Amino acid sequence: MSRKALDYDQLNENVKKAQYAVRGELYLRASELQKEGKKIIFTNVGNPHALGQKPLTFPRQVVALCQAPFLLDDPNVGLLFPADAIAKAKLYLSYTSGGLGAYSDSRGLPGIRKEVAEFIGRRDGYPSNPELIYLTDGASKGVMQILQTIIRGNGDGILVPVPQYPLYSAAISLFGGSLVPYYLEENANWGLDINNLRQSVAEARSKGITVRAMVIINPGNPTGQCLSVDNLKEILRFCYQENLVLLGDEVYQQNVYQDERPFISSRKVMLDMGPPISKELQLISFHTVSKGFLGECGQRGGYFEMTNIPPESVEEIYKVASISLSPNVPGMIFMGCMVSPPKPGDISYDQFIRESTGILESLRKRAHMMTDGFNSCKNVVCNFTEGAMYSFPQVKLPPKAIEAAKQAGKVPDVFYCLKLLEATGISTVPGSGFGQKEGVFHLRTTILPAEEDMPAIMESFKKFNDAFMNQYEGNSWYSRM
Amino acid sequence: MRRLIAQTTKSLITNATTTSRLNLPHQPSSHYYNNNISRLARFLTSLPSNTSMASDKSTPPLTVDSINPKVLKCEYAVRGEIVSLAQNLQQDLQANPGSHPFEEILYCNIGNPQSLGQQPITFFREVLALCDHPSILDKSETQGLFSADSIERAWQILDQIPGSATGAYSHSQGVKGLRDTIAAGIEARDGFPADPNDIFLTDGASPGVHMMMQLLIRSENDGIFCPIPQYPLYSASIALHGGTLVPYYLDEATGWGLEISELKKQLETARQKGITVRALAVINPGNPTGQVLAEENQREIVEFCKKEGLVLLADEVYQENVYVPEKQFHSFKKVARSMGYGDKDIPLVSFQSVSKGYYGECGKRGGYMEVTGFSPEVREQIYKVASVNLCSNISGQILASLVMSPPKVGDESYESYFAEKDGILQSLARRAKILEDGLNKLEGVTCNKAEGAMYLFPRIRLPNKAIKEAESLKKAPDAYYAARLLNATGIVVVPGSGFGQVPGTWHFRCTILPQEEKIPAIVSRLTEFHQKFMDEFRD
C-alpha cells in the first residue's frame, strides 16, 4: 500500500490560502507570452534594474573589491577602482571575521549596524541603538520574522491598509493570523482617516479578534501617499491607546516626488511626541536597499529597527534570527554604502550625486507623466504618485465589461489587465491583488519604465483603453486628450 | 468599586494583551469607541489593580507572554547559550588581556570555515566580483587582474540574466540560465537527468527546509522524522511551524548507523499516538554525526519512504565533504532513480548549499532545493510561497551555479582551482583524524570517525559527581562540561543536548575547522582540561 504524503489536499491550509498577486496570474501569463516571443513590459513589480535603471557605481566597486580581496593586494587595483572605494572595501572587510564568506553575527555585522544607527540618528535627530537593529535578507524576511513572532493563531489580527502590498496579506495567511483591513480614502489622496481605523478595530473585536499590530506603509505601496506629521501622530496615539505594535514599512523613504509632505520617520514623530508614547509605544521600522535610488532588489539587503521592545522579546527575535544563522553579507555591504554614501570631498562624491539625483529626478518626472497619462482617459482616475514607485489608477469598467469578465470566470480587473497585457504587452497587477473597495477596480503599474519609453507606453495604454471602452460601452465613449 | 470600574472599562476598551493571555472573551464595543471612553480608560488604567487584568500600559503587545508560543518553544543551540558565554569572555579578553588562562576564543561551535581562516576559491570570487561590477569587464586593465576563464564565465552568466542586471529580482525560482547550469551539474554528478524547473534557489539551504516544513505541517498531529542526533534547524523549524518531531535514533555503536528497524518502530509509536508522519529528513553526510550512508542503507530508506508514503527530505549540503576512501557520496535522487523510481514514484526534496564543501561560502547565503515527485498543483504552491519573498540573492544564485559547475580540466583556472580544493579537503581530512584520535585518548571518551561533514561528536562519560554538580546548577551535564571547557581553554563547542542524543548519554559537537597549525594546541588543551575535570569529579 502506498500512501501519498504530499497530495494537494494534504497541504498546510495556510499555504493554500496565501496569495501573492505581484507574481501571480498576470505575471505568469506575461511570462508565457514572453516565451512565445511577445515583447513584454514588466511593470508588475518594483524592480528598477529590470527596466534599465543602472546600479550606482560606488557600491558595486566596493562589493566587487570585498568579493575578491586579492585585488586589494594588486598594485594595479587603482587603475580600475577609485581610492575611496578601495578604502571603503578595506573598512568593510575589517568589519568581518573572515570576509564575505563567513556567517556574520545573526543580527548582521556589528560595524554595519553601527552605520545604520548613525544614519538613523542623522536622519531623525535622535540616537539609535545598533543592538536593536537587525539586518535581514531583504526587508520582507524581517517583516515575516516579526509577524511570525506576533501571530499566535487566527484569533490574532493585524491591521493592514487596503490597498496594501500583498506581502502582508500573504504572510498573515501563512502564519495563520487574521488580516484586519483599514481602508485608505481614494478621494482624499489615499489618506488615512482615523475613524476608518477605529471602525475596523471595533469590527474585528466584535468578531472576537485580538488586534495586535498595525502596519503602515509610508510612502505607500501601491498607493504612493506620503503621510503627514499630523496623520502620523494620530496613528501613533491610536496604536498607543489600542495597545498595538506599530510596524512601519518605510522602504520607500527615499522615493518622494512632492515637497509638501517630505518623508518623516514614525520613530522621529514618536520621539518628538515625548513620554509616555515615546517611551512605551512598541515600534518596528523596516528599510531596504531595494528601493530608493539604489534599486538593488537582487542583493536582498534590509533591516528592521526595534524601539521599546522588551529585552526578553528581543531575545526571542534574536533566537529566530539565529536559526538561519546570518543574513547574506554582500547585502550588508550594500546597506553600508546606502547609509554611509560618499561625502562631499570624496573622490566618488560627484558621481554619486549625479547618479542618485538623476534617478530621483527622473522618477519624479515619470510619476507625473504616468499620472497625467492615466487621468487623460475619461474612465480612469489616478491619484498622483506622491512617493514609492507605483501608479494605482482607478479604472471605471462598464457593466458589459464586468459581465464579460464574469463569463470568462475572472474578476473584472484581472479581465481588464489580461486584455491590456495581450494587446500591449504591458504587465500590470490587478487591483484585486492589493485589496480595494467592493465594485471599484484598479491596476498597479510601476513608474519604472525608462523615461524615453514612457510616452509610447502611455499611448499604448490609451489606445487599448479606447478600444476596450468602445467594445464594452459603445460609441458614446471617447478619450479626453 | 475601583476594580469593578476598571473591569467594566476594560470590557469596553479590551486590552489586547491581558485578555488574550487570560483567554477571556471580549466584550464587544460594536457601537462606538470615542474620545470619552479613551480618556476614561486612561484615567482608570492608571489605578492600581491587583487582578491580573493589569492596565493597558503595563502589558504592551510584544511581550514574552504574548508572542507566538511556537517561537518560545523552538531552540537553536548552535548559537545558543554557550556562544553568549564565549562572546562575554571575548569582550573580557579584549578589555583585560591576560584575564583568562587562554589568549583567544576558538569557535568550534559552528560550521563557518572562512571565519577560521579557510580561504575562498579564487575562481569563484573572481567571477562573483566581475558579476557584481560588470562595467569593468571590457576594460583592458581587467585582463591583467582576472583570469581569462573567469572573465568568460562572468560574460556567460551575465548573458543569462535579463539585461545583465544582477541587481534586479530574478524569477522566483532563480535565474533560469543558472538553474540550467545547476541541473546539468546534477546530471553530471548523478548520471540521471535533472529538470531546471524542479530547482528552487534559496538564501542558503535553510529557507528551503523552512518552506517544506511550512508546506507539510498542518498541525501538531503532523510529524516529521528526524535523525537523533540532528542539526537543530530541523527541530527548530518543526517547532516554529507547529509540528511534531518524530525521532529515529542513529546507532552510535555502529558508526551512527541508520537502522530501518528503528524507523519502523518509531513510525509505529508515532502512529499510535495519532501522529501522521509526513516526511523523513536524512542528513547525508551527517551533522553532527559525520557518517556517510552506505548505498544499501540509502536504498532501504528510499523503499521505506515509498512504502509508507513519506516525503524524503535529503539534506546533502556536505556532499563534497567525504574524508574516507571506503565511502562515497551518492545523492538520494541517484539512488532512487537507479532503483527504477522515477519522478512519478517518489516525492523527494534534495538540499544543497554553498556554505560547506570546499568552498565554505556561508556568508553568501546560496543554496537550492531540487523538488521532484510532486504534482503540478503542489509545485504551484511551492512556487507561490517562494514568490512572496520574490527571489533569493542573485550573487548567491551565481555562486550555487559555480559550485555545481566548477572549472574543468583544460580550463585556465583548473589547476589552481583544483589545488585549492584538494588542499582544503585534504587538510579537513587530516584535521578530522587528528582531533578524532585526540578525543579517543581522553578518559571515558569515545569518538566515532568523521567520515564526512565538518564535525566530531564525541561521547563523554561523566562521573556521577559531575552530573550532580550540573544538576545543582540546573544545567544539562554536557552543557556544564562545555561551559567548564570554555572557561578553562577558550574552546567553544556545542553540548550534545542541542542536537538530541539517547537519554542518559552526553556528547558535544566540535568542528574540525580551526586552522591546521592550531589543532595540536587544541588537542593538548582539551586533554589537559579533561584530565583536570575528571580528577575533580572522578567517582
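Me: What should I know before reading the numbers?

Reply: In this predicted model, local features need pLDDT of at least 70 and side-chain atom pairs count only at pLDDT 80 or more, while totals for chains, interfaces and linings use all residues. Residues are numbered from 1 along each chain as its sequence is written, chains are lettered from A and ligands numbered from 1 in the order in which they are written, and side-chain values use heavy atoms, leaving out hydrogens and water.

Me: How many residues of chain A and chain B are in contact?

Reply: Contact means heavy atoms within 4.5 Å. Here, 109 residues of chain A touch 107 residues of chain B in that sense.

Me: What is the area buried between chain A and chain B?

Reply: The size of an interface is often given as the accessible area lost when the parts come together. With a 1.4 Å probe and summed over both parts, that area is about 8,800 Å² here, and carbon and sulfur atoms give 56% of it.

Me: Which residue forms a salt bridge with B:Asp203?

Reply: A salt bridge needs a side-chain nitrogen of Lys or Arg within 4 Å of a carboxyl oxygen of Asp or Glu. The rule finds 1 across this interface: A:Lys141 pairs with B:Asp203, and their closest N and O atoms are 3.0 Å apart.

Me: Which helix of chain A gives the most to the side that touches chain B?

Reply: Helices are DSSP runs of H or I with at least four residues, numbered from the N terminus. Helix α13 (residues 311-323) of chain A leads, with 9 residues.

Technical notes:
Buried area is the accessible area (1.4 Å probe) that two parts lose on being put together, summed over both. Helices (H or I, at least four residues) and strands (E, at least two) are DSSP runs, numbered from the N terminus.
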